Each structure stands twice: as structure tokens, then as C-alpha cells.
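Let's go through some labels and ask what each one rests on. Each answer sets a value against its cut-off.

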Amino acid sequence: MNSPSTDALMWVTERPDLIFVEGRGSWITDHRGKRYLDFVQGWAVNCLGHCPPQIAAALAQQAATLINPSPAFFNEPAARLAQLLVEHSCFDRVFFANSGAEANEGAIKLARKWGQQRRSGAFEIITFENGFHGRTLATMSASGKPGWDRLFAPQVAGFPKARLNAIDSVAALIGRDTVAVMLEPVQGEAGAIPATAEFLRALRELTTRHGLLLIADEVQTGMGRTGRLFAYQHAGIEPDIMTLGKGIGGGVPLAALLAREEVCCFAAGDQGGTYNGNPLMAAVGIAVLETLLAPGFLQEVAAKGDFLAAGLRALSEEFGLGDERGAGLLRALRLADERAPALVEAGRKLAAEGLLLNAPRPNVLRFMPALTVSRDEIGRMLEMLRRLLAAP
Ligand SMILES: *Cc1c(COP(=O)(O)O)cnc(C)c1O
């Protein structure tokens, strides 16, 4: 098959010289017909794998019914998805967005507006070193990725950085201007580093005591990724605001900002967007959420996460690697050296069938398979990884 030239695409990152043409479940096929076992899944986005029939059906059906009446009017899928999300979380209201960064922008705006109304103009949101919240100016400023403080300077002000799992480092930053604390329950881009349950509980206690909002960025950890519908549930806490992205759309652009009633303070015109809450994407969100809520689905995610973790620990022991960490089907393996990018490339280039992995750090491999991945496919990935690790 002839592939088009990619020269007209703006360069933003190094990409391998191949074009993907189709996918099914945990497998994706390139333009030469080579198959790859996919443990990246669109960056933890395709929670039901590639082209699941329920998403294809939801898209086809909704596309033939109503695509976008404009955000100035209600539509049934958005109302229904919002209803489902509040029924299954501790939140009361939902605003839909098109990307995780946009949902986080909304969370930041909501917290600042609340600060203007309720905390005499407090606007600072404490975030964390190595955190990741997106690529808009404000969410890059909220992120704690090394080097990002100088990219696109000047930053958006008001995001002092604390250290994850160090409650004193948060307490030390609280001042007159503080309005909220925002974190990922498991730092995804940093390499699947979990906030401990004790830390999350201490954070909830600290923010409540100071009258601050707690914002959970569950763009990566939400929608079943950690074995519960939302990662905050593991710690038994209730945040005031949560954002969702990635998995909620199962591969299509859908994200959400959820908040408790007493925090919902937007006035008319404060927040919106042309595509926000469009029925085409909301219909997909319903199909995804209904799948996750089916009896036994999330228990299976947790069990397969344990299975993957055990396999990674065995490889770590066999090859003298570092620790294995994460939650559910968001896991990472620390290597003893900086081979991660080379292993990712070697996996892609494996003869016959390739393997797609991600290296969020030079010494860390990250695993984010479809939540529908089979034990068989996890076993196959571990065997392929074993071959890669054993190669000189
Ligand atoms: C991916 C991610 C985002 C950004 O989502 P986009 O859809 O890429 O804008 C924000 N927060 C976290 C925790 C993420 O993993």
C-alpha cells in the first residue's frame, strides 16, 4: 500500500518512519502490514482497545442522529453522561471539554473564581514537582516538568510547587493567596508514581482545615485505569473538583470537569467552547462508562493489574532492575540504566510482531494497555520484553 508523504505535518516531535492504518483490541497494524502489541494505546486513551464495537456503533448512530446543536442548547447524550458521572462519583455537576488540558484550565478557572468570591481574591494553586497537567500555558505552568518553567516564558503565575508524598512541603506553601491544591493521584508522565493513601488523606485534612479546594487531575488515572472507577476512591477521600480525559472518550476527544455543588460558581459567559458537550463525543462517553460499570469489569482490571505487576517484578528480579510501581493497569518499571528509549525502539523493531511501549524517563518504562487486555496478551508482552532485556 502506498502511504502519503508526512512532510506537510508540522514537526513537533521525533516520530518513527511508519504510519498506522488500523487497530483491533490490543493490536495495531502499520502500512506495511506489520502487527504490534500495543501497551501505549494512544497514551492510555483507548481504554477499551482499538476500535471497540460499542464505540464504533455509538459514533455511527449518533452521527446519523445529531452531531452538534451548539453548546447554547442542551442535548440528550451530554445530559445522560453527566447524570451517570455524578451518580457514580462524589460530584454534583459536570462541564464537558475536549482535552485533558482544557478540563484542567476549567478547573483552574473555577478555583480562581471561587477564590474571588469566597476567599477574598486568593488565586494560588499549589501543584507538585514532576506533575503533568497539559500543554496550554496555564497547565504547563501548573505542571512541574523540569525545564518547563523557562519554556514559553513568562509562565502563568500562581502555581507554587510542593513535593509529592511530603505533606509538610504543601503546608509550608499555604498562604493568604492560596485557594487550592491540585494533584494527580498517580503521577502519570513522571513514570506512574503514586501518591500514597496516607498522603491523600493528609492532603484532604489539610485543605479542609485551611478552607482550600482539593483538585484531583484524574485525566490519566480516572475511568477505571487504576482498578476503581476513580483513583481518589482508593484513599477514601472526596476531592472538591476532578478532571477526566483520556479514557473517558476511549480514543475520541472528550474530557470533563466535575465539581461539588458549592464550588460551582461560574457566571454566564465565564466558561464555554464551541465543541463542549457535543452529543457525538458524549455518546461515546456513555458507551465507555456503561462498559466500565458492567459487573466485574473493574475487578478484572485490578486483577490484571496485579498480574502485570507480578510479571514485571519477576523480570526486575531476573535482570537486576529497579522497582515496579503504579496502580491497576497504569504501571512502570525502573531500569538499572538509561536504556528505556532504546528498548522502546527495539520493541517496535522486533521481527514479525512488534511491541509498543513508552519511556516517560530514560530509565523508566511505562505500561498502559487497554483495560480490556487479556492475561494472554499481558503474558505475551512480558515474554517480548524479556527477549528485549536479554539482548546484549
Ligand atoms: C494527558 C494528561 C493531561 C493532558 O491531557 P490532554 O488531553 O493531552 O490535553 C493532563 N493531566 C494528566 C494527568 C494527563 O495524564
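Partly exposed is the label between buried, under 20% relative accessible area, and exposed, over 50%. Keep in mind that this is a predicted model.

Q: What makes Arg386 and Glu318 a salt bridge?
A: Their closest N and O atoms are 2.7 Å apart, and the cut-off is within 4 Å, so the pair qualifies. Arg386 sits in helix α12 and Glu318 in helix α10, 68 residues apart.

Q: Why does Arg386 count as partly exposed?
A: Arg386 has 34% relative accessibility; buried needs under 20% and exposed over 50%, so partly exposed is what's left.

Q: What makes Arg35 and Glu353 a salt bridge?
A: The N to O distance is 3.6 Å, and within 4 Å is what's asked, so this one passes too. Arg35 belongs to strand β3 and Glu353 to strand β15, so the pair ties together parts 318 residues apart in sequence.

Q: What about Phe132 and the nitrogen atom of the ligand?
A: A polar backbone atom of Phe132 is 3.4 Å from that nitrogen; with the limit at within 3.5 Å, this is a polar contact as well.

Key. Residues numbered from 1 in each chain as written. Predicted model: local features only at pLDDT ≥ 70, side-chain atom pairs only at ≥ 80, totals over all residues. Heavy atoms only, no water. Polar contact = N/O pair within 3.5 Å; in protein donor to acceptor, adjacent residues only side chain to side chain. Salt bridge = Lys/Arg side-chain N within 4 Å of Asp/Glu carboxyl O. Helix = DSSP H or I, 4+ residues; strand = E, 2+ residues; numbered from the N terminus. Buried < 20%, exposed > 50% of the residue type's maximum accessible area, 1.4 Å probe, protein only.
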